[in-house]
Amino acid sequence: MRIGVVGLGQMGLAMAGRLVEQGAEVLGFDLDAGRCDGARARGVQVVAKVEQAAAPVMLLSLPQDRAVEAVMLALLPALPKQAVVADTSTLDPLAAQRFAAAASDWGVDYLDAPVSGGPAGAAAGTLAMMLGGDAAAIERARSALALVATKLVHVGGPGAGQVAKLVNNLMVATHLAVAGEALRLGALAGVAPEALLPVVNAASGRSAATEVNFPRWILPGGFDSGFSAGLMRKDVRLALALAESVGAALPVCGPAAAQWEAAQVADSADFNHVPAAILGGK
Ligand code: NAD
């Protein structure tokens, strides 16, 4: 099976490495030379131009709409008819709809295919993938997508996968802020977060924030989850813009999401620094 992967960052390289391990022939492209070296070391055939990565199934893993636009412009003329581009980047749903329309002009199917599970889930092939687009195209790509994702959910037409992902990440951002604030209350009242977490996780206040982020990355201070604060800020901004575009009030998630803008955390830092700052605040 021949698969092209464009964007060999935290997620793209983890997916490409997994595909190689599963016996796929993987063509990879990234603008960053260091990331290309890392991919070569994992058995990816790194190409010099994005169009040389053209294959019947493509996975994109890029930071924002602008990068996807540039890649699609160069890639579409090089792809075989009926190729499927599964875009695992988190984007504006409207951008996904634009890319799907542009692809269909070339006889290619573009699926919005954002993922959850982080680099560890990608490396293990256990991502959850939220698909927006044509059902027949999903079937054509299914055997390739199933190598990186155990949960493939067809949410709806173009853009629906991105709506699902933005809803998910707005909840993640909110849960993390809420957990940081509530654990701070406990600490100020005399019970340390280390004592509180096992209790919450055995009770009904638990979430991925309390079960994974706080015990694995925040309390030990490792901060190496592989997801940057800048990418989470982007996701939160996209979710707030989506809410505005459909006239949805966010009286709870809105102020929690604002914490991601207010926290003095560098975009390049791990995203767990934001709830850590909330926990450490007054
Ligand atoms: P990253 O910054 O580590 O990787 C992005 C890669 O894209 C970089 O290597 C960069 O050089 C490359 N790139 C940028 N523009 C390019 C172009 N025009 N052509 C080719 N390569 C280009 O980011 P990441 O953490 O891997 O995230 C990628 C996408 O996946 C983002 O949209 C993010 O929101 C989403 N995502 C990330 C995670 C995570 O845990 N890291 C989880 C789910 C979804």
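In helix α7, Leu170, Ala173, Thr174, Ala177 and Val178 meet Cys253, Ala256, Ala257, Gln259 and Trp260 of helix α11; residues meet if their C-beta atoms, placed from the backbone, lie within 7 Å. This is a predicted model, in which local features need pLDDT of at least 70 and side-chain atom pairs count only at pLDDT 80 or more, while totals for chains, interfaces and linings use all residues. Residues are numbered from 1 along each chain as its sequence is written.

**Helices α7 and α11**
- By class, this contact has eight nonpolar residues, two polar and no charged ones (nonpolar: Ala, Val, Leu, Ile, Met, Phe, Trp, Tyr, Cys and Pro; charged: Asp, Glu, Lys and Arg; polar: the others, Gly among them).
- The axes of α7 (residues 160-188) and α11 (residues 253-262) come within 9 Å and cross at roughly 80° (lines fitted to C-alpha atoms over the stretch in contact, with angles from 0 to 180 degrees between N-to-C directions).
- That makes α7 roughly perpendicular to α11 (65 to 115 degrees).

**Strands β8 and β9**
- Strands β8 (residues 127-132) and β9 (residues 149-156) run parallel and are joined by six bridges (pairing needs at least two by DSSP).
- Leu131 stands opposite His154 in β9.

**Confidence**
- The protein chain has a mean pLDDT of 97, and 100% of its residues reach 70 or more (pLDDT is the predictor's confidence in each residue, from 0 to 100).

Notes. Helix = DSSP H or I, 4+ residues; strand = E, 2+ residues; numbered from the N terminus. Parallel < 35°, antiparallel > 145°, perpendicular 65-115°, else oblique. Contact = placed C-beta atoms within 7 Å.
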